2 protein chains.
Amino acid sequence: MSTVGNSANIFWHECPVGKQERQKLLNQKGCVVWITGLSGSGKSTLACSISRELHSRGNLSYVLDGDNLRHGLNKNLGFEAEDRAENIRRVGEVAKLFADAGLVCIASLISPYRKDRDACRAMLPESFIEVFMNMPLDLCEARDAKGLYKLARAGKIKGFTGLDDPYEPPLKCEIELSRRDGICPTPGAMAGKVVSYLEEKGFLETK
Amino acid sequence: MSTVGNSANIFWHECPVGKQERQKLLNQKGCVVWITGLSGSGKSTLACSISRELHSRGNLSYVLDGDNLRHGLNKNLGFEAEDRAENIRRVGEVAKLFADAGLVCIASLISPYRKDRDACRAMLPESFIEVFMNMPLDLCEARDAKGLYKLARAGKIKGFTGLDDPYEPPLKCEIELSRRDGICPTPGAMAGKVVSYLEEKGFLETK
């Protein structure tokens, strides 16, 4: 029995499949693409577009969508300041696991506070790519795909980011996406910019 | 602007990279291997051994270790009944995400209560493989690699599974691993049994 016990202990410490091995299998480097911006700025659309672009190249990615996670992992959280911070912390921790698994993890959350985003960045300082969807409030409100701005303006949602709760833009992010001459780039063009960045930084080829 | 808004909305609903596409890329099916058993029963060792075996076959897996997650995602949870349930719920939710990403997710947690394990199973009824490390308490306590049984016997840990808190064995699990004639199979042999099961059930080849 003691032999089994000992060999088990040694094996545990030696556990030989790590991030490096998974990255080699996938021929890419695990990282987190963190998309932040106002509701309606196009975060989810961009996340899907990046995912499609990566898939067409043979790269494995996974989208963590703030809204979707509130139906699962974060369903026991509300929208008070403390719960919002915990929401972002959990997504950051899960994104870190996905990056450790070797995937390009695309997190898409309003994540309005700099402090919360920076805490996630601190978990993965060398493989955290912050993408700021810098779209003006009037554009986001005009889109209002989910009808949330209308509800917030009618006073039916309190603490709505951009209206009665602040959005703190990144002071320094890896990629900023915005309109040029009043024209919004297509999702494909914006995704291309992100994927090019990943390629340049060596996340997509480890050969 | 409205065109951009519309195309963005359509794109969101059409988001074309789903579980099927990722599984095809990886040539495997996402699933959760949930290893349950007493402290010291060999769960972590088995998890690593399965991961190594899968990697050698070219399959992508990821281990969610209960102890490790308590340093990250679950670091704000204690060991009271409610926190234990929340601990398992979160691991179940994250395991579900990994399976959706196309990976073989290996979760290794004592997970002593049937109700909590069954709640995780209910999230993924067709791709949840429960593995019961059915090792006797005296063997686990004799190993005591972490020194926890000693602390519990000395009254320094309260509510320790198997001593003063119950372990509810699965009533029906996919795989049960135990000693034969008093001999404990090697981690490699036990991992082989799990991997063979995954192969038989079609999780490792989608061609």
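Predicted model: local features only at pLDDT ≥ 70, side-chain atom pairs only at ≥ 80, totals over all residues.
Are the two partners buried or exposed? Asp165(A) counts as buried because its relative accessibility is 18%, under the 20% limit for that class. Arg84(A) is buried as well, with a relative accessible area of 14%.

## Another pair in chain A

Arg153(A) and Glu141(A) also form a salt bridge through their side chains, at 2.7 Å from N to O. Arg153(A) is in helix H8 of chain A and Glu141(A) is in helix H7 (residues 137–143) of chain A, 12 residues apart. Arg153(A) counts as exposed at 54% relative accessibility, and Glu141(A) is partly exposed at 22%.

Why might such pairs come together? Side chains of opposite charge can pair when their charged atoms come close. Over all chains, a search of the whole structure finds 24 salt bridges.

## Salt bridges between the chains

How many salt bridges does the rule find across the interface of chain B and chain A? There are two. In one that you can look for, Glu86(A) pairs with Arg90(B), and their closest N and O atoms are 3.9 Å apart. Both Arg90(B) and Glu86(A) are buried. Arg90(B) lies in helix H5 of chain B and Glu86(A) in helix H5 of chain A, so the pair joins two chains.

These residues also belong to a wider group. Salt bridges that share partners join Glu86, Arg89, Arg90 and Glu93 of chain A and Glu86, Arg89, Arg90 and Glu93 of chain B into one network.

## Where the two chains meet

Now for the interface as a whole. On chain B, 51 residues are in contact with 51 residues of chain A. The area buried between the two chains is about 4,400 Å², and carbon and sulfur atoms give 74% of it. Between chain B and chain A, 12 residue pairs are in polar contact.

Several elements of chain B supply at least two residues each to the side that touches chain A, among them helix H1 (2–14), helix H3 (43–56) and strand S2 (61–65). Which element gives the most? That is H5(B), with eight residues. By class, this side of chain B has 25 nonpolar, 14 polar and 12 charged residues.

## Helix H2 of chain A

Helix H2 of chain A (residues 19–26) has three buried residues: Arg22(A), Gln23(A) and Leu26(A). Seen down the axis of H2(A), they fall within an arc of 100°, so they line one face of the helix. The face turned away from this buried side carries the exposed residues Gln20(A) and Lys24(A).

What do the buried residues of H2(A) pack against? Their neighbours are helix H5 (81–100) of chain A together with H2, H3 and S2 of chain B. Just after H2(A), Asn27(A) takes a positive phi of about 55°.

## Chain A as a whole

Stepping back, chain A contains nine helices and five strands. Its C-alpha trace spans about 70 × 35 × 25 Å along the principal axes. Of the 207 residues in chain A, 54% are buried. Among its contacts between residues at least 6 apart in sequence, 76% join residues at least 24 apart.

Terms used. Residues numbered from 1 in each chain as written. Chains lettered and ligands numbered in written order. Heavy atoms only, no water. Contact = heavy atoms within 4.5 Å. Buried area = accessible area lost by both parts, 1.4 Å probe. Salt bridge = Lys/Arg side-chain N within 4 Å of Asp/Glu carboxyl O. Polar contact = N/O pair within 3.5 Å; in protein donor to acceptor, adjacent residues only side chain to side chain. Helix = DSSP H or I, 4+ residues; strand = E, 2+ residues; numbered from the N terminus. Nonpolar A, V, L, I, M, F, W, Y, C, P; charged D, E, K, R; others polar. Buried < 20%, exposed > 50% of the residue type's maximum accessible area, 1.4 Å probe, protein only. Arc of directions from axis to C-beta.
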